[in-house]
Amino acid sequence: MASSTITSPPTPLINKKDAGLSAFSSQASFSVQKSQKRVCKKIVSVMAPQQSERRPATTGSVKTGMTMTEKIFAKASEKSQLSPGENVWVNVDVLMTHDVCGPPAIGIFKREFGENAKVWDREKLVIIPDHYIFTADERANRNVGILRDFCNEQNIKYFYDIKDLGNFKANPDYKGVCHVALAQEGHCRPGEVLLGTDSHTCTAGAFGQFATGIGNTDAGFVLGTGKLLLKVPPTLRFVMDGEMPDYLLAKDLILQIIGEISVSGATYKSMEFVGTTVESLTMEERMTLCNMVVEAGGKNGVVPADSTTYKYLEDKTSVPYEPVYSDEQARFLSEYRFDVSKLEPLVAKPHSPDNRALARECKDVKIDRVYIGSCTGGKTEDFMAAAKVFLASGKKVKVPTFLVPATQKVWMDVYALPVPGSGGKTCAQIFEEAGCDTPASPSCGACLGGPRDTYARMNEPQVCVSTTNRNFPGRMGHKEGQIYLASPYTAAASALTGYVTDPREFLQ
Amino acid sequence: MAASASIIPSNATATAKFRATSTAATTPLSPPSVLKFPSISPNYPSTKPLISHSALPHFQHKPLSAVTPPNASSTPPPTATASTFHGVCYVVGDNLDTDQIIPAEYLTLVPSNPEEYKKLGSYALIGLPSSYQTRFVEPGQFKSNYSIVIGGDNFGCGSSREHAPVALGAAGVAAVVAESYARIFFRNSVATGEIYPLESEGRLCEECRTGDVVTIEVADNKLINHTTGKEYKLKPIGDAGPVIEAGGIFAYARKTGMIPA
C-alpha cells in the first residue's frame with residue numbers, strides 16, 4: 001500500500017449549510033449521513049458530552065480511514081495502517097530542547113550511548129535556551145554553558161545561543177521562547193513528527209504535524225537513535241464554526257474547551273481542531289489553540305494545514321513537506337461542536353486551567369498585576385491585541401502590567417509594527433502611554449516562576465491576570481498567588497480597571 | 001561559560017530501580033530484591049509519634065500494631081515481574097501537578113549529576129500548598145519517610161519536567177498509586193525507572209491516610225493497608241509492563257534489539 005499521505009482537503013463532517021445549528025456529539029465513523037440526520041434546529045453554543053470510547057476496528061481485513069494524527073504516525077513508523085492503542089517506533093523529524101531539560105537529556109545521552117557518542121542527526125536537533133536566561137542564578141547560567149559545550153562538540157546546526165545577558169539584542173543567534181522560535185525559524189512543517197522536552201511542544205500541531213512533549217530520558221533516547229516508542233492516540237474532534245466575534249481570541253476558545261472536558265478530558269488523546277472558525281484563524285492564533293492542549297491532558301493538537309499555513313511557511317523553510325488530512329471515514333472518539341458566535345470572553349480561575357468562568361462574572365475580583373507573555377500569550381499578535389484594547393481605552397493601567405515578548409522577533413515587532421487605527425503608533429508606544437512596564441527581554445520569564453530574581457516573578461501572594469497557560473498553586477512563584485488565565489484582550493482590559501474585566505468594556 | 005560541574009555520573013544512578021530480579025522463568029525467585037523500606041528505624045510505628053493530620057479526609061490517630069515485614073519465606077510465583085513495595089504512605093489529592101511535585105525554581109538542578117540528584121530529592125513535593133500540614137521531606141533531610149505516594153486523578157499533570165518523578169525517586173519513593181495519571185508523567189516514570197506508577201481501582205486517596213503502612217504486591221495487583229486492615233485491588237500495569245520490567249526505555253530498547261546492547 002502506498003504511503004498514507006493522501007492529500008484530500010479537510011472535509012467538515014456536516015454540510016456547511018448546517019453549520020451553526022448543531023449541539024450534539026456523534027460518533028463520526030459513519031459520520032456524514034448520521035450527522036446530517038441528527039442536526040437539530042435550535043441554535044446553541046454549548047458542547048455536547050463525550051460518548052463512550054469506541055474500540056478500533058478489529059477485523060484487520062477492512063481498511064479503515066485514519067485521522068490526521070494516525071496518518072502521521074503511520075508515515076513516521078513506516079506502516080500503512082495503524083489504530084489507536086498501538087505502540088510503534090516513530091522516526092523523529094525534529095527534536096527540540098532548552099536550558100532546563102537539555103543538560104539532563106545530554107547527561108542521559110552520554111551515559112547511555114557513550115561519552116563520545118554523536119547525535120543521530122546534527123540538523124534535526126534544535127537547541128533553544130529560553131527558560132532561565134536573564135538571571136544571576138549560577139546553575140541556570142551554567143546550564144546554558146552545558147548546552148553550548150554540547151553544541152560545539154556535536155556541531156549542532158541550530159543552537160540559538162546567548163552570552164550577553166545584559167543586552168539580549170547583542171546576541172544575534174538568541175531567539176527566546178522555544179515554541180515560538182520553532183515556528184518563526186521554520187522548524188514546524190505539516191506531516192512531520194516534532195518532539196520537545198517541554199509540555200507545550202504541542203503548540204506546533206498548529207502546523208498540521210504531530211508535536212508533543214517528552215521527558216529527558218526519552219529525549220536522551222531520541223538523541224542517540226532518532227526514534228521513540230509512542231502509542232497511537234485516538235482523536236477527539238472539535239468543530240468550531242461561525243464568525244469569530246471581535247472581542248474573542250483563540251485563548252478564549254481553548255479555555256472554553258478545557259473548561260468543558262476538564263484537565264484530564266483529553267489524556268492520551270489527540271485533539272483535532274476543524275471548522276470555519278479554525279480556518280479563519282491566523283497561524284499564531286492556531287498556535288495558541290494547540291498550545292494549551294496539554295492543559296486538557298492532551299497528547300497533541302492538530303489543525304489541518306491550508307493556505308494560511310503555506311503562506312506562513314513560504315519565507316521560513318525550504319524543506320519539502322507533505323500535509324496529511326483526516327479521512328472522511330476516519331474514526332473519532334468523540335466530536336464536540338460549537339457555534340463560536342455564542343461564546344464570551346473567559347478566564348480560568350485559580351487554581352486550575354479548567355476552572356472556567358465568564359470574565360464578566362468575575363468583575364468584582366480585584367487584581368494586583370497583569371502579565372502578558374509566554375508561548376501562549378506573548379506572540380506578536382497577542383501584543384497587538386493588548387495594544388488594541390489600550391488604544392480603545394486611551395487610559396492608563398491601574399496595576400503593574402508586565403510585558404514579556406516571547407522572542408527577539410516579537411520584541412522587534414512590538415517596537416516596529418504600527419497598530420491598526422492608531423495613526424501609526426507602535427505597540428510599544430501605546431504600552432508606554434498606557435503606563436505599562438517596558439517590554440522585557442524575551443524569554444519564558446515568570447510564566448513558570450523560575451529563579452527568584454526572574455522579572456515579574458510573583459514573590460508575594462497576589463492576584464494576577466495572565467496570558468500564560470497554567471495557574472496551579474505556586475505556578476508563577478508564590479504558593480498563595482492567584483492566577484486568572486485569560487486572553488490578551490481580557491488581560492489588557494483587566495489592567496485598565498484593576499479588576500478582572502470583560503474586554504467588551506473597551507472593544508464595543 | 002564552561003560547565004563547571006560534571007553532569008555525567010560514573011555509574012548510572014537513576015536507572016532501573018526495580019529491574020526484574022530474574023529473567024529465567026524456571027527458577028523460583030529468591031525474596032524480591034527490590035524492596036524499598038522507608039529510611040527510618042524498624043521501630044518507627046511504636047517509638048515515633050504519628051504525624052499530625054493533613055488537610056485531607058480526617059486522619060485517624062491510631063497506634064500501630066507491630067508491622068509485619070513481607071513474609072520472606074513465601075516465594076513469589078516464578079515470573080520475571082514480581083515486586084513488592086512496603087512502607088509508609090503519603091496521600092495527596094486530585095490533579096497533583098508537577099509544579100507542586102518540584103517547583104520551577106529547583107529545575108536548575110541536573111539529575112544526572114549525583115550531588116544535584118540528591119538535592120532534588122530534598123525538594124520533592126515542596127510545592128504543596130500549606131493545606132498539607134505534613135511535609136513530605138523534613139527540612140534538612142534528603143529523603144522522605146514516605147516511600148509510597150497515593151494520589152487521586154490525573155497525577156503528575158502539567159509540565160513535562162522529568163525532574164518530577166526523579167525528585168520523588170531521589171527522595172526515596174518506590175511507587176506511586178494513583179487513580180489515573182497524566183500522560184507525560186507516566187511516560188517519564190516508566191522511562192526513568194525512578195518510581196513504579198501503579199493505578200488503583202478506586203479512590204485510594206480517600207481510603208488511605210498519610211502515615212498508613214502499606215504493602216503493594218505488584219504481581220497480585222494488590223495494595224494492603226496494614227493500618228486499616230483493608231486490601232485494595234490495583235490495575236495491572238498494562239502496555240508499560242515490558243518497559244518497566246526491563247528497567248526503563250533504554251534497557252527495553254537493548255533487550256528488544258532496537259539499540260545495541
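Predicted model: local features only at pLDDT ≥ 70, side-chain atom pairs only at ≥ 80, totals over all residues.
**Notebook: helices and cysteines**

Started just past helix H2 of chain A: Glu78(A) there takes a positive phi of about 55°.

Then I went back to H2(A) itself, residues 68-76. How many of its nine residues are buried? I get eight, so I'd call the helix mostly covered, buried here being under 20% relative accessible area. The buried ones are Met68(A), Thr69(A), Glu70(A), Lys71(A), Ile72(A), Phe73(A), Ala74(A) and Ala76(A).

Cys178(A) is in none: the nearest cysteine sulfur belongs to Cys444(A), and that is 5.8 Å away. Is Cys178(A) buried or exposed? Its relative accessibility is 0%, so I put it down as buried.

Last entry, a helix pair in chain B. H3 (residues 114-122) packs on H4 (residues 163-170) with the axes 7 Å apart and an angle of about 85°. That angle makes H3(B) roughly perpendicular to H4(B). Which residues make the contact? From H3(B) I listed Tyr117(B), Leu120(B) and Gly121(B). From H4(B) I have His163(B), Val166(B), Ala167(B), Gly169(B) and Ala170(B). Sorted by class, the contact has five nonpolar and three polar residues, and no charged ones.

Note on methods:
Residues numbered from 1 in each chain as written. Chains lettered and ligands numbered in written order. Heavy atoms only, no water. Disulfide = S-S within 2.5 Å. Buried < 20%, exposed > 50% of the residue type's maximum accessible area, 1.4 Å probe, protein only. Axes fitted to C-alpha atoms, helices over the stretch in contact; angles between N-to-C directions. Helix = DSSP H or I, 4+ residues; strand = E, 2+ residues; numbered from the N terminus. Parallel < 35°, antiparallel > 145°, perpendicular 65-115°, else oblique. Contact = heavy atoms within 4.5 Å. Nonpolar A, V, L, I, M, F, W, Y, C, P; charged D, E, K, R; others polar.
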